Amino acid sequence: MKNLLLLGIFIQILNGVTMTSEGDTAKVMNCLMCSSMIDSEHACVINPDLNNPDVNEQSCTGQCFVEQNTVFGWGFNFKRGCQSGSCVDDESCSSLVQSGTCRKCCDDADYCNTMGFGGSPMLVINFVLMTCMVTLVGVLTV
């Protein structure tokens with residue numbers, strides 16, 4: 001009986017599964033882990049590769065994520081890592097003023113958090129220019 005229990009534990013380890021405190025099973029996966037405050041050319045932002053010394057590996061029992069804060073479409077505070085527990089996607093940086101946090105979560109494969117965020121700040125620039133023109137026209141017609 002003891003050998004059967006050890007065999008079961010060994011098989012779970014080989015399958016990448018561990019027991020949580022609640023008795024449920026949780027998938028163990030590897031996530032990329034790095035951060036960049038402002039530099040859009042940083043390896044964490046454009047080249048999340050484990051061969052780069054700025055990008056590390058993190059064992060994770062939750063979900064991998066990639067996150068970016070934006071102000072008027074310009075990204076800063078870019079992060080990749082592991083979220084223990086529940087990870088929730090957030091698209092608040094996609095609002096009209098393109099300011100807020102964007103977060104994408106994944107748990108489908110090791111290093112699944114290689115994705116990035118698309119979009120261009122041109123939409124915001126056009127919106128600001130149009131607002132300034134409307135304001136100027138309003139001032140000149142008074």
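Visitor: Is cysteine 60 buried or exposed?
Guide: This is a predicted model: local features need pLDDT of at least 70, side-chain atom pairs count only at pLDDT 80 or more, and totals for chains, interfaces and linings use all residues. Residues are numbered from 1 along each chain as its sequence is written, and side-chain values use heavy atoms, with hydrogens and water left out. Buried means under 20% relative accessible area, exposed over 50%, and partly exposed in between (1.4 Å probe, protein chains only). Cysteine 60 has 1% relative accessibility, so the residue counts as buried.

Visitor: Which cysteine forms a disulfide with cysteine 60?
Guide: A disulfide is a pair of cysteine sulfur atoms within 2.5 Å. Here the two sulfur atoms are 2.0 Å apart. The partner of cysteine 60 is cysteine 82.

Visitor: Which strands do cysteine 60 and cysteine 82 lie in?
Guide: The torsion about their S-S bond is about 70°, so this disulfide is right-handed. The pair ties together parts that are 22 residues apart in sequence, because cysteine 60 and cysteine 82 lie in two separate strands. Helices (H or I, at least four residues) and strands (E, at least two) are DSSP runs, numbered from the N terminus. The two strands are E4 (residues 56-60) for cysteine 60 and, for cysteine 82, E6 (residues 74-83).

Visitor: How many disulfides does the count come to?
Guide: A disulfide is a covalent bond between the sulfur atoms of two cysteines. With bonded cysteines counted along the chain, the pattern is 1-5, 2-3, 4-6, 7-10, 8-9, 11-12. The count of disulfides comes to six.

Visitor: What parts does the disulfide of cysteine 34 and cysteine 44 tie together?
Guide: Their sulfur atoms are 2.1 Å apart. The S-S torsion is about 75°, so the link is right-handed. Cysteine 34 and cysteine 44 lie in a strand and a helix, so the pair ties together parts that are ten residues apart in sequence. Those parts are strand E3 (residues 29-36) and helix H2 (residues 43-46).

Visitor: What angle about the S-S bond has the link of cysteine 106 and cysteine 112?
Guide: A disulfide joins these residues, with S to S at 2.0 Å. Both cysteine 106 and cysteine 112 are buried. The link is right-handed, with an angle of 90°.

Visitor: In what order do the strands form the open sheet?
Guide: Strands of a sheet pair through backbone hydrogen bonds, either parallel or antiparallel. Two strands count as paired if DSSP finds at least two bridges between them. Here six strands pair antiparallel, in the order E4-E3-E6-E5-E8-E7.

Visitor: Which strands stand at the edges of the sheet?
Guide: An edge strand here has a single partner strand, so one side is left without a neighbour in the sheet. The two are E4 and E7 (90-91).

Visitor: How many bridges join E5 to E6?
Guide: Strand E5 covers residues 63-71 and runs antiparallel to E6. Phenylalanine 65 stands opposite glycine 81 in E6. The number of bridges joining E5 to E6 is eight.

Visitor: Which residue in E6 does serine 35 stand opposite?
Guide: Three bridges join E3 to E6, which run antiparallel. Serine 36 stands opposite phenylalanine 78 in E6. Serine 35 stands opposite lysine 79.

Visitor: Which residue in the turn of the E5 and E6 hairpin has a positive phi?
Guide: Two residues lie between E5 and E6 in this hairpin. The positive phi is about 50°. The residue that has it is phenylalanine 72.

Visitor: What relative accessibility has phenylalanine 72?
Guide: Phenylalanine 72 is found in the loop between E5 and E6. This residue counts as partly exposed, because its relative accessibility is 45%.
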